[in-house]
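Me: I would like to learn how to read aromatic contacts in a model. Please take me through them.

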Amino acid sequence: MISIVIPFFNEEKGLYHTIDVIVSELRHLGKPWEIVAINDGSIDKTLALLLECQSRIPELVVVDLSRNFGKEAALTAGFAHARGAAVIPMDADLQDPPELIAPMVSKWEEGFEVVLARRSDRSSDSLSKRWTAGLFYKAVNKMSEVNVPDNVGDFRLLDRMVVDALNSLPESRRFMKGIFAWLGFKTAIVNYKRAERYSGDTKFNLWKLWNLAIEGITSLSITPLRIWSYIGLIIASLSFLYAAFIVLRTIIHGVDVPGYASLITLFLFFSGLQLVGLGIMGEYLGRAYIESKRRPPYIVRKLYLSRLNSEYINQPRMFDAASS
């Protein structure tokens, strides 16, 4: 069985079209399939429309989360509920082309356990987004011990053994692109051109992208802490040399009155450096604090099943508050 995992958050405008296009592609595969739709706390008619789709598409499983937990948590919920031998996460905006499902499945049948969909053309993205995305991948790969492939999002095929390994990871704060890269496995790449959104606007603004970048760097690497140690060592060495210079100058030329402006400038500069260092340490301490509470990454309010998927009833899933 092939499982398609799609997180939905306020996607009522293009939902019917998205489901119909994906179903059309899956029916041409000639294999059993299912779509696991995650309603990630939508406040529009997304859930009602998904249930309407389920009445005519019994292969559709709807997982309704108790609130909006974010895309990473919604994907985690989708992987936990997918039953397929291969699982493909996709976006609901059709920027991940469904026609790529068949070539990805072909690569999987050749023996690859992970098939990445790489964007060969990002002309549909703005210049600023392309620039910041390139900067992000360079920064992450410089600092991390694992290589996060450039221009590869969450759209990929994962073999069941990869999904099982992913589901066994205990952390609740998840940067999925980094976790995918950390898992490894035998990998193939399929290139594609990223299309425009079919409808609606992206839910990621600049602030959310910035937070995602910080999440990605701090979840994959402790290099920022190490860099700060080197900065502190360099500043301490320079301070020692400057102190020696002041002592020598005082011995040779006598005591003079240092400049007030230069002292204030140095004081503010080093105070700023200390605050930045504390902020970086705080990011890591915050992650450790959140993980120590051992809260689940999501809570399922209700699982909606068709008669075709009735076996789910006797298989309660982790973090499910209820099932029907």
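This is a predicted model: local features need pLDDT of at least 70, side-chain atom pairs count only at pLDDT 80 or more; totals for chains, interfaces and linings use all residues.

Reply: Residues are numbered from 1 along each chain as its sequence is written, and side-chain values use heavy atoms, with hydrogens and water left out.

Me: How many aromatic pairs does a search of the whole structure find?

Reply: A pair of aromatic rings is described by the distance of the centres and the angle of the planes. Rings of Phe, Tyr and Trp (its six-membered ring) pair if their centres lie within 6.5 Å; planes under 30 degrees apart are stacked, over 60 edge-to-face, and the rest tilted. The search of the whole structure finds 2 such pairs. With centres 6.0 Å apart and planes at 85°, F79 and F180 are edge-to-face.

Me: Which parts does the pair of F79 and F180 tie together?

Reply: F79 is in helix α3 (residues 71-81) and F180 in helix α7 (residues 176-183), so the pair links parts 101 residues apart in sequence. Helices (H or I, at least four residues) and strands (E, at least two) are DSSP runs, numbered from the N terminus. F155 and Y192 also form an edge-to-face pair, at 6.0 Å centre to centre and 90° between the planes.

Me: Where do R67 and K186 lie?

Reply: A charge sits over a ring if NZ of Lys or CZ of Arg is within 6 Å of the ring centre and within 35 degrees of the ring normal. R67 lies over the face of F69, 4.0 Å from the ring centre; K186 lies over the face of F112, at 5.3 Å.
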